[in-house]
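Me: I am new to this structure and would like to go through its side chains carefully, with some questions and answers.

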Amino acid sequence: MRTDYCAELDESSIGKSIEVAGWADGYRDHGGVIFIDLRDKTGLIQLVCDPADSESAHKVANEVRDEFVLIVKGRVRARGEGLENPNLKTGKIEIVVDELIIENRSAPLPFVINDEKVNEEIRLKHRYLELRKPKVYNTFKLRSKATIAARNILDKNGFLEVETPILTKSTPEGARDYLVPSRVHSGEFYALPQSPQLFKQLLMIGGFDKYFQIAKCFRDEDLRADRQPEFTQIDIEMSFAGQEEVISMSEEIVQAIFSACGKEVTIPFNRIKYRESMEKYGSDKPDLRYDLGMVDMIDIFANCKNEIFSKIASDKKNNRVKALKVPNGDNIFSKRQMKGFEDYVRKFGASGLGYFQMKEEGLKGPLTKFFSEADLEEIIKVSDLKVGDVIFFGAGEKKLVWDYMGRFRIYLAELMEIIPKDVFEFVWVTDFPMFEKVDGGVKALHHPFTMPKEMNKEDVEDIESIAYDLTLNGFEVGGGGVRIHKSDIQKEVFKLLGISDKEADEKFGFLVDALEFGAPPHAGIAFGLDRLMMLITGSSSIREVIAFPKTQRAQCLLAKAPSTVDNDQLKDLSIRIRETKRD
């Protein structure tokens with residue numbers, strides 16, 4: 001049907017007879033001569049339908065409207081002097097049409113294809129129309145290049161691509177599994193995998209040595225701009241390897257992906273330990289494109305005459321007093337703004353937010369009366385304050401202070417517009433805690449198959465794991481760890497998590513059994529391909545880099561899913577729908 005793509009034609013094609021095909025992107029009638037912009041995946045080219053050249057083509061052109069599918073035969077010529085379009089790749093040439101075929105017509109459009117202000121629900125309902133945008137096509141062209149680059153690097157390094165099951169068993173995080181009822185086994189369910197974790201470990205036990213997969217994963221959770229119920233990850237695992245081997249391989253993969261997308265990044269990436277990251281940035285995925293690091297003030301506040309602060313500061317293990325300096329903040333924020341910041345942090349559980357202003361005569365603020373001159377001087381010294389600086393501080397339970405001060409740091413950076421664009425700041429976060437205390441119990445911070453550094457710690461939260469996350473501009477884009485390859489260690493971890501032998505056998509007995517048969521040491525990582533592409537393309541949401549995404553309510557407006565099914569299907573699956581009352 002065609003000899004060339006539209007935007008692959010150039011001045012060297014002048015005089016050539018060609019056949020092109022695509023969609024009508026615009027239509028103009030200039031005194032009897034009709035101009036049509038024809039669009040295909042490569043871009044646009046102008047068609048000229050002049051009755052002097054072809055009466056039949058001109059007659060057909062009169063019927064053309066936006067998004068009609070056209071097949072065109074003609075010849076390439078240079079545009080007339082002064083008629084060139086510098087904004088178009090093919091702006092110096094045009095096609096004089098000899099034969100025009102309307103291959104298919106389009107109904108009236110629900111929105112103009114290149115209109116950027118269309119409601120998202122309308123766009124997702126007609127996603128196939130939005131995919132026609134050159135900008136959207138180029139996003140998925142980059143995604144394809146990124147995936148191919150990752151595959152090529154992994155293949156070059158001896159990795160074997162293996163597909164693991166989609167229908168599998170419910171995981172320890174079962175509440176977030178998507179369940180699939182079995183027709184054959186009445187009352188029993190498969191689960192869609194949140195990750196291929198157990199199976200890739202089994203592949204290592206099976207002697208596959210190096211595995212990878214561009215894996216579809218599923219997670220039933222509340223959605224945000226960087227999350228979807230189904231997502232894609234680049235999943236790898238290596239035998240006889242540890243943290244350093246995985247990090248080195250990962251950096252090579254990421255560098256290749258960015259290079260394929262026309263972006264250059266320098267390796268090796270920086271590293272920061274989890275506890276340092278939390279203490280300084282209040283986050284385990286710190287955005288290091290700007291500074292605004294937090295400073296510890298708990299020792300100084302222990303001397304405070306305010307009983308609330310001094311009591312908090314007396315428990316250094318469980319509490320924190322963190323200060324956040326904003327250079328020249330006194331000239332940026334009004335007093336009203338600074339008082340308003342307290343409302344912001346209260347949304348995240350803070351009791352309040354204090355601040356000092358650095359003046360010529362020293363620290364000023366409503367709380368200075370509770371500190372001695374020596375302590376105020378120490379605050380100035382520790383924070384390296386200069387005249388005009390403002391310092392905010394939060395106090396309370398450790399994890400709470402980390403959280404709201406970390407959020408406040410990002411909020412201030414966005415408010416001051418100090419976050420640089422088109423900068424990619426990678427950092428490895430390492431040495432994560434193995435466990436965390438929740439609701440009177442203990443759970444694994446990552447997952448229960450990560451190798452602990454050592455188990456003999458008085459406080460379970462002091463046990464570190466050999467785990468590592470790759471973060472980029474404040475987003476986690478990859479996470480992995482060294483796996484437990486000895487069954488006695490795995491059983492000890494289960495016991496500490498309160499998982500009984502019976503429960504462990506029911507949920508992942510096949511892995512525990514496999515560890516008894518000569519499991520090699522192994523480690524791996526998984527990269528969130530969707531998140532990487534969101535950041536590479538500068539998209540505001542992960543939905544923009546997924547061909548057919550779900551809404552924030554986990555709905556596919558295009559296919560109208562999820563949907564009800566008929567009673568016969570439910571009967572076959574031994575399922576009965578129970579009416580539930582809603583508030």
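Me: Is phenylalanine 301 buried or exposed?
Reply: This is a predicted model, in which local features need pLDDT of at least 70 and side-chain atom pairs count only at pLDDT 80 or more, while totals for chains, interfaces and linings use all residues. Residues are numbered from 1 along each chain as its sequence is written, and side-chain values use heavy atoms, with hydrogens and water left out. Buried means under 20% relative accessible area, exposed over 50% and partly exposed in between, with a 1.4 Å probe and protein chains only. Phenylalanine 301 has a relative accessible area of 1%, so this residue is buried.

Me: What angle lies between the planes of phenylalanine 301 and phenylalanine 309?
Reply: Rings of Phe, Tyr and Trp (its six-membered ring) pair if their centres lie within 6.5 Å, and planes under 30 degrees apart count as stacked, over 60 as edge-to-face and the rest as tilted. By this rule the model has 26 aromatic pairs. The pair of phenylalanine 301 and phenylalanine 309 is edge-to-face, with 5.5 Å centre to centre and an angle between the planes of 85°.

Me: How many residues apart in sequence are the parts that phenylalanine 341 and phenylalanine 392 tie together?
Reply: Phenylalanine 341 and phenylalanine 392 form an edge-to-face pair, 5.5 Å centre to centre with 70° between the planes. Helices (H or I, at least four residues) and strands (E, at least two) are DSSP runs, numbered from the N terminus. Because phenylalanine 341 lies in helix α10 (residues 335-346) and phenylalanine 392 in strand β16 (residues 390-397), the pair ties together parts whose separation in sequence is 51 residues.

Me: Which residues of helix α11 are exposed on the side away from its buried residues?
Reply: The buried residues of helix α11 (residues 373-383) are Asp375, Leu376, Ile379, Ile380 and Ser383. Seen down the axis of α11, they fall within an arc of 150°, taken from the directions from the helix axis to the C-beta atoms, so they line one face of the helix. On the other side of α11, the exposed residues are Glu373, Ala374 and Lys381.

Me: Which elements do the buried residues of α11 pack against?
Reply: Contact here means heavy atoms within 4.5 Å. The buried residues of α11 pack against α8 (298-301), β13 (319-326), β14 (354-359), β15 (362-364) and β16.
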